[in-house]
Amino acid sequence: MADDEKKGFNFDKANLSDQITVIGNCEHLYYHALKAASTLEEEEAAFYLTLADMVKQFRREYMREHFPKVEDKDWCI
């Protein structure tokens, strides 16, 4: 995908595979942000903990919008 295409990518019109990829990438980032935070002192870890929380909230909102019939307890399945 060319840079111009990436800038104009419409996530609302993405196919199922693209939507699932967004969710998977969010979880990957969440995992690594928590991992990074666990290796740092509290003050330095704040950035990564904030990032992890932001990604988690984005993933939840994205799931509610694109997969409204999937219950919170079943989202990973």
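Which residues line the largest cavity? This is a predicted model, so to speak a computed picture to explore. Select Arg59, Arg60, Met63, Arg64, Phe67, Val70, Glu71, Asp72 and Trp75, and you have the lining. Colour that selection by residue type: four are nonpolar, five are charged and no polar ones turn up. The space inside comes to about 60 Å³.

Next, select helix α2, residues 16-38, and helix α3, residues 42-66. Turn the view until you can look along both: their axes lie 8 Å apart, at an angle of about 160°. An angle over 145° counts as roughly antiparallel, and α2 and α3 are therefore roughly antiparallel to each other. Their crossing is left-handed.

Now show side chains where the two helices meet. On the α2 side, pick residues including Val22, Ile23, Leu29 and Tyr30; on the α3 side, pick some including Leu49, Val55, Phe58 and Tyr62. Across the whole contact, 18 residues are nonpolar, two polar and three charged.

Before you leave, click Arg59 and Met63 again: both belong to the cavity lining, and both are among the α3 residues that meet α2.

Terms used
Residues numbered from 1 in each chain as written. Predicted model: local features only at pLDDT ≥ 70, side-chain atom pairs only at ≥ 80, totals over all residues. Heavy atoms only, no water. Axes fitted to C-alpha atoms, helices over the stretch in contact; angles between N-to-C directions. Helix = DSSP H or I, 4+ residues; strand = E, 2+ residues; numbered from the N terminus. Parallel < 35°, antiparallel > 145°, perpendicular 65-115°, else oblique. Left-handed = near helix turned anticlockwise from the far one by under 90°. Contact = heavy atoms within 4.5 Å. Nonpolar A, V, L, I, M, F, W, Y, C, P; charged D, E, K, R; others polar. 1 Å grid on protein atoms, 1.4 Å probe; cavity = no way out; pocket = protein on both sides within 12 Å on 5 of 7 lines; lining within 4 Å. Points joined across faces, edges and corners; volume = space filled by probe spheres on them.
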